[in-house]
Each structure stands twice: as C-alpha cells, then as structure tokens.
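The sequence and the model come first, and the description follows.

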Amino acid sequence: MAGKEMPRAESYSLMENLKLKEGTLTLGPSRVVLMTDQAYAFLLRVIHENAPHVIKYAFYDMGYRVGEQLMETLKERAQDPEKAFRYFVETYRQAGYGNIEVTSFDLSKPEATLRGSNLFESRLARGADIYRSPRSVDHYSRGMFAGFLSVLLGKEVVCEEMTCEFRGDEACEFVILPFAE
Ligand SMILES: [Zn+2]
C-alpha cells in the first residue's frame, strides 16, 4: 500500500436511513426487501439446476447492474472517487453482505483492492451444495464493485476475486482493474 495512510470511510448508520411505511421499506430513494440467505441459496440452486454454466456470469452481471445503479444515485459524490467508493463499500458492509474493507485505491491506474471475510455468498455457497470443487464464489459482490467503479470513473473496469474463503483461503481478496482493450 506504498505507505499511504488510508482514509476511513465516513461514519454513518444505514439502519437510521431505513424507513417503513405501509408495508414499504425504503433506503433513501430505493425500496428494499429483506431476503434471507436461505432464499438466496434457493435462487442459486434453482439457477444451477436449470443453467449451471451461467451462474458465474449471471450473478456478476446482476451485481454489476446494481453497482451501476447505486452509483447513479450517488452522483453528487463523484468529485471525490475514493471517498465515494469507500462510502459504497461501507454501505455494502452495513447492508449485511459481509465484513469488508478497501485495502488500496489508486486513481491513477486505476486500481483498487478489497479484503473481506464472512461474505454472504461464500458463506451460503457451503449450504447451497452446488459447487463440486474449491473456487472463488463471490460473483455478485465482485460485479457490484466493478459496476460501481465503472460508472464512478467513467471507464470500464473488471473485478476478479483472487482468494476466497470458500476454497479455504484466509480471506476473500478482490482486485479491480481497467478492462483490457
Ligand atoms: Zn470469496
């Protein structure tokens, strides 16, 4: 991390921004619903039973679109990309996706890295019982990081998961890089 002091994400509470009115739960401008990890595991299993080859791409793509859309709602933060990205990652953490932090952010490349533990996808992948061999499984998460940063930077980036708790690594580590042209 080249000795650079990493700024902390600004402190705020996602829970304080949740509002329930007449059966509609909202977080800022978006309606949200609570989904148990068992429900997500069922979704994973149903897709696996019908089209196992699409899982990796479908969940990445779904995350990517969500990341893009979330960034659109945070447009006013775009003038400070690192702060905006940290805010987004903090929101991801507080939304219960898992414990994660930005470990580096270099706007000049651009490149960012993240390190997470107890992420919901790698946790529920064990119970979903669909993967026959060790692998990285946090496709929705890496899609979200890539989609968010692509819009934020106005440049297509991709996110790869280099290590994953699901395959026995100490943590899930992600790297976000420009899309190869
Ligand atoms: Zn992982």
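## Elements of the chain

The chain has five helices and seven strands. Helices (H or I, at least four residues) and strands (E, at least two) are DSSP runs, numbered from the N terminus. Read from the N terminus on, the elements run β-β-β-α-α-α-β-β-α-α-β-β.

## The model and its confidence

This is a predicted model, in which local features need pLDDT of at least 70 and side-chain atom pairs count only at pLDDT 80 or more, while totals for chains, interfaces and linings use all residues. Residues are numbered from 1 along each chain as its sequence is written.

The pLDDT, the predictor's confidence in each residue on a scale from 0 to 100, averages 91 over the chain, and 94% of the residues score at least 70. Among the elements, β6 has the highest mean pLDDT (98), and strand β3 (residues 30-32) has the lowest (91).

## Overall dimensions

The chain has a radius of gyration of 16 Å, which agrees with the value near 16 Å for a compact globule of 181 residues. That radius is taken over C-alpha atoms, and the globule rule is 2.2 Å times the number of residues to the power 0.38. Along the principal axes, the C-alpha atoms fill a box of roughly 45 × 45 × 30 Å.

Of the 181 residues, 27% count as buried. A residue is buried if 20 or more other C-beta atoms lie within 10 Å of its own, exposed if 12 or fewer, and partly exposed in between; C-beta atoms are placed from the backbone.

## The four-stranded sheet

Four strands form an open sheet in the order β4-β5-β7-β6, with antiparallel pairing. Strands β4 (99-106) and β6 (157-163) stand at the edges with a single partner strand each, so one side of each has no neighbour in the sheet. From one strand to the next the twist averages 20°. Two strands pair if DSSP finds at least two bridges between them.

β4 and β5 form a hairpin with four residues between them. Seven bridges pair β4 with β5 (residues 111-117) in the antiparallel sense. Val102 stands opposite Leu114 in β5, and Asn99 has Ser117 as its bridge partner.

## Faces, helix and core

In a regular strand the side chains alternate between the two faces of the sheet. β5 has a covered face of Ala112, Leu114 and Gly116, and an uncovered one of Glu111, Thr113, Arg115 and Ser117. Helix α3 (residues 81-94) lies across β4 and β5 and runs at about 165° to β4; axes are lines fitted to C-alpha atoms, for helices over the stretch in contact, and angles run from 0 to 180 degrees between N-to-C directions.

The largest nonpolar core has 31 residues, of which Phe85, Phe145, Phe148, Leu149 and Ile176 touch the most other members. Such a core is a set of buried Ala, Val, Leu, Ile, Met, Phe, Trp, Tyr and Cys residues joined through C-beta atoms within 7 Å. Two or more residues each come from α2 (55-72), α3, β4, β5, α5 (139-153), β6 and β7 (172-178); α5 gives the largest share, eight residues. Apart from neighbours within four places in sequence, Phe85 is in contact (C-beta atoms, placed from the backbone, within 7 Å) with Val102, Phe105, Ala112, Leu149 and Leu152.

Note on methods:
Two residues are in contact if their C-beta atoms, placed from the backbone, lie within 7 Å.
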